[in-house]
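User: Could you take me through this model?
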Amino acid sequence: MTLSRTAAPVARGRRRRVLAYWPQYLAISPFYVLFAVFGLAPLLFSFYLAFQRWDGIGEMQFAGLDNFQYLIKDDVFWLSLWNTLLIWVMSTVPTLTLALVLAVLLHSVKRFKAFYRMAFFIPNITSTVAISIFFGALFATNYGLVNAGLEAVGLPEVAWLQNAWGIKIVIAVLTVWQWTGYNAIIYLAGLQTIPSDLYEQARIDGANAVQLFRHVTLPLLRPIILFTVVLSTIGGLQTFTEPKVLLGDTAGTGQSGLTMVFYFYRQAFSHNDYGYGAAIAVVVLLVVALFTILNWALVQRGQSERSR
Amino acid sequence: MTRRTRGLLLHGVLILGTVLAMFPFYWMVVMATNSTSDIYQFPPKLTFGGQLVTNLRNVLDSIDFWGSMLNTVIVACTTTALVLFFDSLAAFAFAKYDFPGRRMLFGVLIGTFFLPVGLAVIPGFVIMVELGWVGSLKALIVPAAANAFGIFFLRQYIHNAVPDSVLDAARLDGAGFFRQYLSVVVPIIRPGLAFLGIYTFIAAWNDFIWPLVVLVNPDQLTLQVALQQLNSVHGLDYSRIMTGALLSVIPLIAMFLLFARNFVGDLAKGAVRE
């Protein structure tokens with residue numbers, strides 16, 4: 001009795017407290033409504049669709065694990081996974097390495113820093129479609145500028161966009177061009193947070209430039225490097241625009257530009273196989289999650305080793 | 001090595017980097033001002049030519065350039081305006097009010113960062129079919145009208161920049177939540193809004209896969225989709241496609257150079273803080 005008598009006013013009090021905050025709930029509601037309808041619902045619907053057979057128009061048919069069983073035996077899917085991973089490694093490793101070098105150079109310069117920063121950032125705001133068209137023209141076989149250059153120094157021309165490695169190299173060069181400056185600027189901001197007396201101390205202890213970089217800069221920059229690696233992983237595993245614009249729906253000779261996202265796009269919107277497209281998307285999602293967790297784990301381990 | 005030669009070497013490398021970063025724009029202009037046959041011969045022409053008007057006419061004949069430019073401007077402007085309004089309102093509530101469920105709701109918001117919703121284009125398209133929005137610009141604007149990144153960023157900004165004492169004073173004068181938002185918060189957070197505005201505008205301008213899927217009417221496209229169409233039809237007429245690419249890139253870079261004085265630094269600072 002006493003319990004319910006005290007509980008009722010508390011409940012009423014809480015309700016009144018919630019009601020008193022109606023403007024705040026109203027203020028935050030647009031995001032949650034939009035996310036529920038256009039983010040969460042489609043994502044959940046993906047999982048549902050992956051177990052259906054559907055051409056986008058007729059009735060859906062429950063397919064059980066058929067889509068996934070087919071996927072395991074689907075050589076084209078494995079090819080697309082292989083292409084994606086290769087393109088990702090070939091793009092990300094040089095991008096981040098160059099960015100780090102560039103950031104260290106920028107950090108030690110006093111004049112024109114703002115100018116360089118701006119210049120290095122502009123490639124990143126340029127649309128990927130426009131820049132893919134540009135690189136397609138640059139690497140054209142009969143006489144894009146690159147082949148004209150090779151010819152000028154007496155080397156044979158290369159059919160860049162007609163061979164499996166050439167296609168991947170062009171996409172990698174494009175990515176390096178577009179993302180090196182962006183990552184360098186993020187590293188630079190990180191470098192600026194490292195207190196200079198740490199360097200002074202190490203120098204007094206007799207460290208040279210390489211040792212300073214390895215034992216002071218690199219460990220302190222680790223969280224920021226992780227941040228850029230995670231971003232590059234999430235972005236790189238979803239590569240689509242570059243091969244789509246450079247190569248069109250065939251994805252190039254031997255489909256060597258076919259990435260995972262390109263493959264599920266093509267299955268759904270060119271071949272009207274929505275169920276199978278969704279199954280590929282679900283697997284891509286798992287691959288992205290797996291690699292993100294791997295990245296975290298690697299860097300975490302590195303950190304705990306260091307603190308020991 | 002003396003200090004001076006070291007400095008010169010350093011600037012030499014950085015200038016080389018700048019040249020590499022800027023070179024595509026130079027070469028785009030060269031291609032857009034020459035004919036394809038001038039460039040695609042050996043040795044190629046390396047300087048500006050006088051074919052720009054012809055190339056422009058070719059672009060305008062092949063795609064509805066101005067129409068798609070207008071669509072892009074509409075989408076980018078509307079999205080940016082809505083994002084700034086909804087995100088700042090939500091950020092204000094999260095930053096300065098301790099309403100029941102705040103922590104949990106903010107946790108959910110952060111969690112949405114890690115969902116690769118870009119992979120949900122297939123069911124996203126199905127939902128647009130159900131709503132009857134396929135082919136309409138609404139399908140691009142409405143889903144993008146509020147986002148977690150902006151709310152997260154502005155909450156931090158409001159938390160640091162808007163003093164509680166000023167809000168208390170406004171409350172004493174009888175200002176409610178929305179009144180405080182308009183007359184206290186918005187004027188103070190203008191620089192933060194400018195940053196988020198530029199960021200959103202660029203993202204909306206360059207967006208590709210979703211417009212490609214959803215805009216099914218050939219006379220109602222955005223610039224990026226029209227450009228890829230130009231490329232797939234006239235892929236070998238390099239001067240023509242490069243003129244289109246150049247035209248699509250110029251407005252954004254111009255805007256960036258005009259308004260983005262602090263943008264690059266702010267972006268990097270934000271990334272480091274996270």
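Analyst: The overall fold comes up before the contact between chains. This is a predicted model, in which local features need pLDDT of at least 70, side-chain atom pairs count only at pLDDT 80 or more, and totals for chains, interfaces and linings use all residues. Residues are numbered from 1 along each chain as its sequence is written, and chains are lettered from A and ligands numbered from 1 in the order in which they are written.

User: What is the secondary structure of chain A?
Analyst: Chain A has 13 helices and two strands, taken as DSSP runs numbered from the N terminus (helices H or I, at least four residues; strands E, at least two).

User: And why is chain A called more spread out than a compact globule?
Analyst: Because its radius of gyration, 26 Å, is well over the 19 Å that the globule rule gives for 308 residues. The radius is taken over C-alpha atoms, and the rule is 2.2 Å times the number of residues to the power 0.38.

User: How is chain A divided into domains?
Analyst: Domain 1 covers 2-49 and domain 2 covers 66-307, with bounds from an automatic or database domain assignment. Their C-alpha centres lie 40 Å apart.

User: Changing topic, how many residues of chain A touch chain B?
Analyst: In chain A, 74 residues are in contact with 73 residues of chain B (C-beta atoms, placed from the backbone, within 7 Å).

User: Which helix gives the most to that side of chain A?
Analyst: Helix H2 (residues 22-49) of chain A does, with 17 residues.

Methods:
Two residues are in contact if their C-beta atoms, placed from the backbone, lie within 7 Å.
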